[in-house]
Structure formats: structure tokens, C-alpha cells
Amino acid sequence: MAHPPRTEARLRAQRPGATVSESIPYRFEPTHHAGELHEAHDDIEAGTETDTVVTVAGRLMLRRVQGKLAFGTMQDQTGRIQLFAPVSTTPRFSEFTSLTIGDWVGVTGVVMKTRKGELSIRVDEWVLLAHSERQFPDKWHGMTDPEARYRQRYVDLWVSDGARSAFLLRSRALSLIRRWLEDRQFIEVETPLLNVIPGGGHARPFVTHHNALDTDLYLRIAPELFLKRLVVGGFERVFEMGRTFRNEGIDRVHNPEFTMLELYQAYGDVNDMMAITEELIGYLATELRGTTKLTWQGQEVDLTPPWRRASMADLIEERIGVRIDVRMPIDDVRHIAFDQGVKVEQGWGQGKLMLEIYEKTTESSLQGPVFVTDYPKEVSPLARDHRELPDMVERFEVIVGGREIANAFSELTDPKEQKARFDGQLRARAAGDDEAMPVDDDYVRALEYGLPPTGGLGIGIDRLVMMLADVASIRDIVLFPTLRPESAGRAPSGTHADGDDEADDEA
RNA sequence: GCGCCUCUAGCUCAAUGGCAGAGCAACGGACUCUUAAUCCGCAGGUUCUGGGUUCGAAUCCCAGGGGGCGCACCA
């Protein structure tokens, strides 16, 4: 230890033969949280005591010892409360005043207000619940180094304003989403994370290996194909909200593992999905922020339904003044792409070109919320043909602040058509698109048993929570974001069938 | 993967080629109404790592590592 012995040694000195951990109780029963006490007693007069005795627990965050009277600031999950510790009521007073910042304590005493008007608990009983052997960060400046905040979130949560509240908001959002969907007869299901075929999206997957089956498995990139199998199986309204994995870059809006909500509604279509999207997100904003008019990173976001609906072609035209139609000669579309500085690859049809042009010129400029509708069939292998527009599908994405937060379609239900779409993806893969969707024959078999008309919706929960919490980085709403390992370590043993991982021990 | 920025005490930061420092925290002490309490005292360093230039390197150069931002990727 770089610093002199701290509380532990002193406590041990006072009770020879006893260790600190032996003096720590096995359980403790707080009766109140700081937040509740402020709510119930903030209006009492300065200098008065109530006859209410409470027990609280938390970390000591500040300490002000004045000879025979000590003040402490204790923090729990709900906030802070002052501990008022006169020598006359505080057992083991000198031990109490030698507590250090970061120590966990449990305190029982009367609720009172100091002469200066600070709501406090008089320390009539107290017990050490954990000693912090490591020094806590500066009580005023907190922790600002992003790396330290992410790697040591357990400290960040105590000392960074807003860190805890952002994660509490996330938790409440997940809970509200589940309740909202269940109120509408959606049932929550769990489908495999370990996939033989990573389908339902375009992304590079993580690969792992199952030893007993001696087969490679992929972490799912989307739950879509399994959820639609369940609609085939008669679950008319299903949803899954869970982790999804994509082996792509990491930045402010991408973490390799992220949380996706997908839901499917039998007998519904893309229009039902729009209604669900704007109602659900409007509800969340109202519940969590008290309004549908939010500010996200300085920009106004009005989530009051109904949201604007505009086709991709219209939005592109608004932005660059050129009308694109997938029925145009391909050289014309290539020419537009070239004019817009969009990199073109061999094998791209009009639909793929249109999407590229949209993404490079238009998407990031959309403040939203806006439903971007009418996607090219070429880039939507799981969506059903548009009932009016040839070579287009019934699909939308929701854009807010230039970022996609939802994606939905009228689901493709025809097995022959689905097989043909998969074959098209196969050709795209052969042409060099290594994110083209792999063929899933069992999924086609499921469709052959009959999938009724179905609407499906996916929402990126992390980005939604970012918006609701008004934070700039996905790392601010993911508790333990993916980082490079702190030091070059070994893989845990037992990850290989033969138990011999010596060969893996490289730097 | 590329570019820019960054890494100094537990935390937040100084020192820009010339003795590695401050505040808070910690440690020892004084103090019965503090609120980032105050006051006195004491201790704390592989300046991310490894090379190089120099009489002398936290500082300049090269290589590597972590992190942030941007780009690319993410249909």
C-alpha cells in the first residue's frame, strides 16, 4: 500500500485479535432511504427533533469533524442525508470520526434538523458495513477520466453526477416498455443467442465454437427470424428485448453488444408498427421526462404523435433536388451517385444505390422524428412487396437526430418469394457483400407452414435511452461498455475441450 | 484500419529543455452546528512503456500501449 495504514489497522488495534471483517454484520436492515426522508421531513423546523427513529445505510461521502461533534454526509441509492454525531449520543465516537470517505455505514437515530437547517439523522447507533481500502476520488471534482469511469463504474456511480440517474432511467424505461407491451397482449419470449445461422440483419457476427457439437456458432445479430417462427407457431403478439451482438466498429452510438426490442404482431402491417412506435416512445418520454418535447444534445426533438411520414425518395429529393426511382436506368442512378460523391460498387442495383445515396446525403441531416418509408426491395430481403410501388417494400425506419432508432416492415410471408430473396442475398455474397444475409432453409420451411399477415418492429433501446436521458455517448447508458482489456491477460481456463490453453499464453 | 488529441500522487490538475508541485483525499493533531467546514503538521511519484537526442527530458524525436474525438466500417 502506498499510503499509511488506515481504518482497518486502527480498528484492529482497538480490538486486539479481531479483524475488521469479523466485526462486519452478516446482514443489516435499513428502514429508510435518504430520498424518502427528505420527502417526508424536509419541512420540519431548524433546530428541532422529530420522534421518528430510522435506520439508513450507505457510503460516507463527506466528513466534518469538530472535536466532540461530527457531521457526515451519507449517500445511498436515492441521494444524500447528513449524519449528525455528537459525542453524547454516538457510540464509539472516536471510531466514528476516524471513518474515511467511501466507508459503508449503517446508522440508526432520530430524524432531526440542525440549527443551520440541514435535515439529519442523529447517530444513536452505527455499524461499519464495509471499509473502503482504496481512496475515493476527489469529493469535488469527482472522476472525469472517461477510461476510469468506464472501467471502474462502481466508483463512477458514486461520484459522477448524473451517472446513477441515467442508469436508473434506463432501468425504468425497460420496465415501462415491458408493461406497455404486456398491456397490449404482447408476450415476452426468449430465443437463442447462439445461432447456427446468424440471420435477420446485415452485420458481421461474432463466432464461437461449441465443443460437444464440434460446430461453430454465431452470437445473434437479430432475433427476427426466431420471433416470426413463433408467430407461425401461434403466438400472435410476441416481443423480445435483449442483447444482440455485431462485430463492427465502436463509437459514440455503437457498442458491440447492445439491446434491441423486436416485436411482431399477427394480422398487422407497417402502419400498425408506426402507430406502436410513436405511441410507445411518446409514452416513455411522458413517463420519464414529463413531456414529449425533449432536447437531445442541444437540439429540439418533439416526440408528440403523430410524427412526420415521408418516403425515402421524397427526402432525398428535398435534400439534393434530384428524384430517384428504382425503375430508372441503372446508369442514371449511378450518375446521381457519382455526382453526390457516393462510392459505387459493382453489382449494386438501383435499390442499393438509392439507399447508399440516401445514407450518404440525407439521413444524418434528418432531425426527426420522422418515419422514412418506402424502401427498395433490393435492400430489404425480409419485407413484403409494397402494395402500390413496384420493386419497393412496405418498410420504415425512424430517424431522430440523424440516427436510426427503429426499423419495421410488413413482413414477407410468402415462402417462395422468401426463398428467392435469400437466393438474391446469396448472389450478393458471391459478388463480395460479406454482410449479405445467409440462407435459412428452416425459416423458409416455417413460412411454408403459413405465416399470417404480420407487422414487425425493431427498436434500438440504447439509442432510445440516449435520447430520453439526453446523453451524447452510448457508453453513458451502457454500464460496462466494451473496452480493450486493461492488460494482456489469458483466456479463462476451461474454454477448450482439452483444457490445454498453454498455447494461448501469448503476450 | 487512418488522422488529430491525450496519459504526471488515490482523484482533479500545474510544471514546455534546468531541483516534479498544488488542492482535495490519506495519515498525525486542535476544534460541540458543519455544509467542498476551518486551522496546524506529516507523508505520498516507474511523469503509460521501451529506445533515442542532449551537459540535462514529464517536456523534443522514434516505436509500442490505453483512452477520447473525427473519418472509415456499421446496407
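**Figure 1. The protein surface near RNA strand B in the predicted model.** By class, the surface near RNA strand B comprises 25 charged, 17 nonpolar and twelve polar residues. The structure shown is a predicted model. In total, 54 residues surround RNA strand B, and the closest are K116, G142, E147, H202 and H254. Of the atoms of RNA strand B that come within 4 Å of the protein, 60% belong to sugar and phosphate. At least two residues of this surface are supplied by each of β1 (49–66), β2 (69–76), β3 (79–86), α5 (146–151) and α12. The most is given by β1, with five residues.

**Figure 2. Individual polar approaches to RNA strand B.** At V65, a backbone N or O atom lies 3.0 Å from a base nitrogen of RNA strand B. A base nitrogen of RNA strand B is also approached by Q135, which has a polar side-chain atom at 2.6 Å. For Q66, the partner is a sugar or linking oxygen of RNA strand B, 3.1 Å from an N or O atom in the side chain of Q66.

Figure 3. W158 is part of helix α6, which covers residues 153–159. Its relative accessibility is 10%, and W158 therefore counts as buried, the limit for that class being under 20%. Neighbours within four places in sequence set aside, W158 is in contact with R59, M61, Q75, D76, W104, F136 and R164. Between W158 and Q82 there are 76 residues in sequence, and the distance from C-alpha to C-alpha is 16 Å.

**Figure 4. Helix α11 and its two faces.** Helix α11 is formed by residues 330–339, and its buried residues are V333, I336 and A337. These three lie on the same side of α11 because they cover an arc of only 100 degrees around the axis. An α-helix has 3.6 residues a turn, so residues three or four places apart point the same way. The face turned away from the buried side of α11 carries the exposed residues D331, F338 and D339. The packing partners of the buried residues of α11 are α10 (312–320) and α12 (350–361). After α11 comes G341, which has a positive phi, near 75 degrees.

Figure 5. The largest nonpolar core has 47 residues, of which L261, L263, F396, L457, I461 and M467 touch the most other members. Helix α9 (residues 270–289) contributes the largest share of this core, nine residues. Residues up to four places away in sequence left out, I461 touches L174, I177, M241, T259, M260 and L261. Another core, of 44 residues, lies apart from the largest one, and its members include V189, V238, A313 and I399. In soluble globular proteins, nonpolar side chains tend to be buried together.

Figure 6. Chain A contains 15 helices and 19 strands. Its C-alpha trace spans about 90 × 60 × 50 Å along the principal axes. Of the 507 residues in chain A, 48% are buried. Among the contacts in chain A with a separation of 6 or more, 65% are accounted for by residues 24 or more positions apart.

Definitions and conventions: Residues numbered from 1 in each chain as written. Chains lettered and ligands numbered in written order. Predicted model: local features only at pLDDT ≥ 70, side-chain atom pairs only at ≥ 80, totals over all residues. Heavy atoms only, no water. Buried < 20%, exposed > 50% of the residue type's maximum accessible area, 1.4 Å probe, protein only. Helix = DSSP H or I, 4+ residues; strand = E, 2+ residues; numbered from the N terminus. Arc of directions from axis to C-beta. Contact = heavy atoms within 4.5 Å. Core = buried A, V, L, I, M, F, W, Y, C linked by side-chain atoms within 4.5 Å. Near = heavy atom within 4 Å. Polar contact = N/O pair within 3.5 Å; in protein donor to acceptor, adjacent residues only side chain to side chain. Nonpolar A, V, L, I, M, F, W, Y, C, P; charged D, E, K, R; others polar.
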